[in-house]
Amino acid sequence: MAEPVVRIPDAKVALSTASVYPESTATAFEIAARLGYDGVEVMVWNDPVSQDIEALRRLSDYHEVPILAVHAPCLLITQRVWSTDPWVKLQRARAAAEKLGATTVVVHPPFRWQRQYSRDFVAGIWRMANETDVRFAVENMYPWRYRDREMLAYAPDWDVTKDDYRHFTIDLSHASTARTDAMHMIDRMGDRLGHVHLADGRGSAKDEHLVPGRGTQPCAELLERLALTGFDGHVVIEVNTRRAMSSAEREADLAEALAFTRLHLASAARVPRR
């Protein structure tokens, strides 16, 4: 019987700079280099370094860690980062990605109160995608919940598969918070799945972003499917380490997440040697 050989898929494993919060963007590059991540995804937020293309380029060059993706400033706390105009934010994210050699811009669907932006969002994303080789990968979100109340905060919808986009980002922590079946969502995304935010969850109303393997989401199953289907996008570790008691504990969590990801990408990539 032929011995199996492992063929690792082309997908690169990146560290989101959000994973080291409350430490800095610069710290994320240091940790990514030390642990052997393939690159980083820059979360553009209130840290001035995350907004500065030249500072990011210097960090990337110094640590020899490529920037694989840029997460546009879509959070409530970043409403004034890179303009208050959401289209300007996306234009600047695209320009940053192009200058830094990143292949993907991650974007959230609009908040429901951004009425004009949400009305034009699907068509606008297509227009921007047609102007660049950078992928605009729209990310699944979730309803906001408080006790027994639910608020639909995103438009056109938190379930981005209900609309027509060229590329999607699947976030398993968001799927957990939405209490939706992540694998069914991935089926609906099909070959338009271009980017992955890997994190776990237990179905809490709060977006948990647990280290993969510590919740109930199909993290291993997803990675194994990516390997079998030859996924060539990026798998980004986006976990919450705010409760870490020390820098060493935070780094241990990020090392565990990386090991989990590489193990399951490899475990499904076994083929018989001819």
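This is a predicted model: local features need pLDDT of at least 70, side-chain atom pairs count only at pLDDT 80 or more; totals for chains, interfaces and linings use all residues.
Student: Which residues of α7 and α8 meet?

Tutor: From α7 come Cys 219, Ala 220, Leu 223, Glu 224, Leu 226 and Ala 227, and they meet Phe 260, Thr 261, His 264, Leu 265 and Ser 267 of α8. Sorted by class, this contact has seven nonpolar, three polar and one charged residues.

Student: What makes Cys 219 count as buried?

Tutor: Buried means under 20% relative accessible area, and Cys 219, which has its place in helix α7, has a relative accessibility of 1%, so Cys 219 counts as buried. Setting aside neighbours within four places in sequence, Cys 219 is in contact with Leu 172, Leu 198, Ala 199, Asp 200, Pro 212 and Phe 260. The C-alpha atoms of Cys 219 and Met 183 are separated by 9.7 Å, while the two residues lie 36 residues apart along the chain.

Student: How do you know whether Thr 177 is buried or exposed?

Tutor: Thr 177, found in helix α5 (residues 172–178), has a relative accessibility of 0%, and because this value is under 20%, Thr 177 counts as buried. Not counting residues up to four places away in sequence, Thr 177 touches Tyr 142, Arg 145, Ser 204, Ala 205, Lys 206, Asp 207 and Glu 208.

Student: Why is strand β2 described as largely enclosed by the rest of the structure?

Tutor: Strand β2 covers residues 12–16, and four of its five residues are buried, so the strand is largely enclosed by the rest of the structure. As for its partners, β2 pairs in the parallel sense with strand β11 (residues 234–237) over four bridges, and it also pairs in the parallel sense with strand β3 (residues 39–43), over three bridges. Leu 15 stands opposite Ile 237 in β11 and opposite Val 40 in β3.

Student: How do you know whether His 209 is buried or exposed?

Tutor: His 209 is found in the loop between β10 (193–198) and α7, and its relative accessible area of 9% is under 20%, so His 209 is buried. His 209 also has a positive phi, near 50°, in a residue other than glycine.

Student: Where are the cis peptide bonds that join Tyr 21 to Pro 22 and Ala 155 to Pro 156?

Tutor: Most peptide bonds are trans. The cis bond joining Tyr 21 and Pro 22 has an omega of about 15°, and Pro 22 has its place in the loop between β2 and α1 (25–35). The cis bond joining Ala 155 and Pro 156 has an omega of about 5°, and Pro 156 has its place in the loop between β8 (149–151) and β9 (167–171).

Note on methods:
Residues are numbered from 1 along each chain as its sequence is written. Side-chain values use heavy atoms; hydrogens and water are left out. Contact means heavy atoms within 4.5 Å. Helices (H or I, at least four residues) and strands (E, at least two) are DSSP runs, numbered from the N terminus. Ala, Val, Leu, Ile, Met, Phe, Trp, Tyr, Cys and Pro count as nonpolar, Asp, Glu, Lys and Arg as charged, and the others, Gly among them, as polar. Buried means under 20% relative accessible area, exposed over 50%, partly exposed in between (1.4 Å probe, protein chains only). Two strands pair if DSSP finds at least two bridges between them.
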